[in-house]
Amino acid sequence: MASKRADILAAAKASFLDTGYEGTSMESIAKTANVSIMTLYRHAESKDELFSAVISNACDPDDEAEQAEWAALLEKPLRDVLIWAGMTAQTRLTDPDTIALMRTVIAEATRFPGLAGMAHTSLVGNLEGMLAFTLGLKQETSALSAERRRELAVQFIDRLLGSHMLGLLMGLAGPSRREQQERSETAADGLISSLG
């Protein structure tokens with residue numbers, strides 16, 4: 001089942017990148033994924049739901065090794081966890097396929113007004129939710145209310161997404177690894193300082 005879902009998401013991603021949101025049909029995704037249309041609809045009720053899943057998937061841990069790294073990292077100090085989260089988020093957001101998906105959203109947002117909000121929730125909202133969840137697991141922040149952890153996560157992600165994201169969307173070079181590290185450290189220090 002997981003393998004079939006991965007095939008469907010890969011086919012959907014390829015189709016959205018190749019033909020855009022409007023040009024993609026559930027039938028073409030089913031054909032590319034080599035599944036029946038009924039199987040596809042068991043995994044996603046609509047094209048919107050499938051597009052949201054493709055974007056959310058860009059933020060999820062890729063494999064068991066990354067999930068194990070995340071679990072081991074939780075034993076380290078909060079600042080280390082936050083820096084890792086910042087670097088991981090930036091890596092995901094600056095991935096060429098993620099940038100291409102965001103460009104698809106921008107290109108089609110006027111024809112499909114709900115697309116931008118859905119994409120933002122699926123991409124940025126997913127990152128914020130993962131960080132808020134992580135804050136709930138750390139001793140330094142676990143006693144905070146869920147609302148406060150969410151606020152801190154939103155502020156953290158806001159610090160990571162500077163004007164370089166706009167530049168990337170316009171085809172400019174993204175930040176270097178060193179610049180991403182500095183941005184992650186700044187976001188981590190900002191979150192920690194707001195705890196005191």
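Q: Gly-174 is found in the loop between which two helices?
A: This is a predicted model, in which local features need pLDDT of at least 70, side-chain atom pairs count only at pLDDT 80 or more, and totals for chains, interfaces and linings use all residues. Residues are numbered from 1 along each chain as its sequence is written, and side-chain values use heavy atoms, with hydrogens and water left out. Helices are DSSP runs (H or I, at least four residues) numbered from the N terminus. The loop with Gly-174 lies between α10 (163–169) and α11.

Q: How far apart in space are Gly-174 and Pro-96, C-alpha to C-alpha?
A: In sequence, 78 residues separate Gly-174 from Pro-96. In space, the C-alpha to C-alpha distance is 10 Å.

Q: Is Asn-34 buried or exposed?
A: Asn-34 sits in the loop between α2 (26–33) and α3 (37–43), and its phi is near 60°, a positive value in a residue other than glycine. Buried means under 20% relative accessible area, exposed over 50%, and partly exposed in between (1.4 Å probe, protein chains only). With a relative accessible area of 70%, Asn-34 is exposed.

Q: Which side chain of opposite charge is nearest to Arg-149?
A: Arg-149 belongs to helix α9 (residues 146–160). Arg-149 is buried and has no salt bridge, a term that requires a side-chain nitrogen of Lys or Arg within 4 Å of a carboxyl oxygen of Asp or Glu. Lys and Arg count as positive, Asp and Glu as negative, and His and the chain ends are not counted. At 11 Å, the nearest side chain of opposite charge is Glu-147.

Q: How are α9 and α11 oriented to each other?
A: The axes of α9 and helix α11 (residues 177–193) come within 9 Å and cross at roughly 155°. Axes are lines fitted to C-alpha atoms, for helices over the stretch in contact (heavy atoms within 4.5 Å), and angles run from 0 to 180 degrees between N-to-C directions. Angles under 35 degrees count as roughly parallel, over 145 as roughly antiparallel, 65 to 115 as roughly perpendicular and the rest as oblique. The two helices, α9 and α11, are therefore roughly antiparallel.

Q: Which residues of α7 does α1 meet?
A: Helix α1 (residues 2–23) and helix α7 (residues 96–108) pack at about 15° with axes 9 Å apart, which means that α1 is roughly parallel to α7. From α1, the residues involved are Lys-13, Phe-16, Leu-17, Gly-20, Tyr-21 and Glu-22. In α7 they meet Asp-97, Ala-100, Leu-101, Thr-104 and Glu-108.
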